[in-house]
Amino acid sequence: MTAAAEYPRTRASAHRPPSDVARSWLLVPGRADGEDAIDAALTSSADAVILDLEDGLAADLRPQGRRAVRSWLGRESAWVRVSPSGSPDWSADLTAIAGAEGLAGVVLAKTESAVEVAATIGRLGARVPVVALIESALGIENALDIARHPGCSRLAFGLGDFRRDTGVSADPMALAYARGRLVVASRAAGLPGPIDGPTLKNASDRLDTETRVTVSMGMTGRLCLVPDHAARVNELLGPSREDIDQARTTVSRLGGGSVYDGSDLPLLGRAESVLHRAERLGLVDD
């Protein structure tokens, strides 16, 4: 394998990586007058773009927002964050986007049970992947059941609403149980690593520190609220050129069936995982 050039920044969805390895998930309000913001998102370095019909829109803006998002999905490919299952807004959101040509998938807000994933798929069809955004204590405790639902493609952590629900602080130690539970549930269900919550728009100075927490917890994606955060999130979540080179060296040394000691097989497994992920991200060529 040789290192490949970074895929170009383009509106064409074909140049974005598959959602199972997507690192930066950029939320942008699906406003009727938000053409500039949506255009900036679609031309950003984000691995995935999410048009937001939930918290990104005030209630009185949502009807126009749904029409605008439906129009955008006729020309572009993007994910859509929809309102919590069973709510009137959820039903209206799904009616607006069902069958849209450019619908890459949905991010289901405030998911608390696998039944909610099933209901969403029932409205949109089994071909539409669902990222379950978990934002409450109940959602965290039901994370494994949610992750095991066949229609759930990935878990995400809505840490702002989770903190509001539970009263915990932003200290990484206070959030470690919730993050760890999402990581373990994802692995147990055979899903990719979960997507962590975002750095706030006015807290760019904390982006690196917070993203390193994401990495340390075993999460492999992050929500973003600012297009400029996406490239840095991608860089920090890796794999970097150095990671790829080290993984190649390890596979070359250990991948030929030579005698290992007890620590070599996990090391080889991690190296192979890095190279597989790099290939899926378009960072290497065979």
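Buried means under 20% relative accessible area, exposed over 50%, and partly exposed in between, using a 1.4 Å probe and protein chains only. This is a predicted model, in which local features need pLDDT of at least 70 and side-chain atom pairs count only at pLDDT 80 or more, while totals for chains, interfaces and linings use all residues. Residues are numbered from 1 along each chain as its sequence is written, and side-chain values use heavy atoms, with hydrogens and water left out.

**Whole chain**

The C-alpha trace spans about 65 × 40 × 40 Å along its principal axes. Of the 286 residues, 47% count as buried.

**Lys 110**

Select Lys 110, in the loop between β5 (103-108) and α4 (114-124). Lys 110 is not a glycine, yet its phi is positive, about 50 degrees. Its relative accessibility is 28%, so Lys 110 counts as partly exposed.

**The cores**

Next, select Leu 51, Leu 73, Val 80, Ile 97, Leu 155 and Phe 157, which touch the most other members of the largest nonpolar core, a set of 52 residues. Such a core is a set of buried Ala, Val, Leu, Ile, Met, Phe, Trp, Tyr and Cys residues joined through side-chain atoms within 4.5 Å. Helix α8 (residues 172-188) gives this core its largest share, five residues. Another core, of 12 residues, lies apart from it and includes Leu 133, Ala 156, Ile 195 and Leu 223. In soluble globular proteins, nonpolar side chains tend to be buried together.

Stay with Ile 97 and show its contacts (heavy atoms within 4.5 Å). Leaving aside neighbours within four places in sequence, Ile 97 is in contact with residues including Leu 53, Val 69, Arg 70, Leu 103, Val 106 and Leu 124.

**Glu 210**

Move to helix α9 (residues 207-216), where Glu 210 is placed. Glu 210 is partly exposed because its relative accessible area is 22%. Beyond its neighbours within four places in sequence, Glu 210 is in contact with Pro 198, Thr 199 and Arg 222.

**Pro 239**

Finish at the loop between α10 (227-237) and α11 (241-254), which holds Pro 239. A cis peptide bond joins Gly 238 and Pro 239, with omega about 5 degrees.

Notes:
Helix = DSSP H or I, 4+ residues; strand = E, 2+ residues; numbered from the N terminus.
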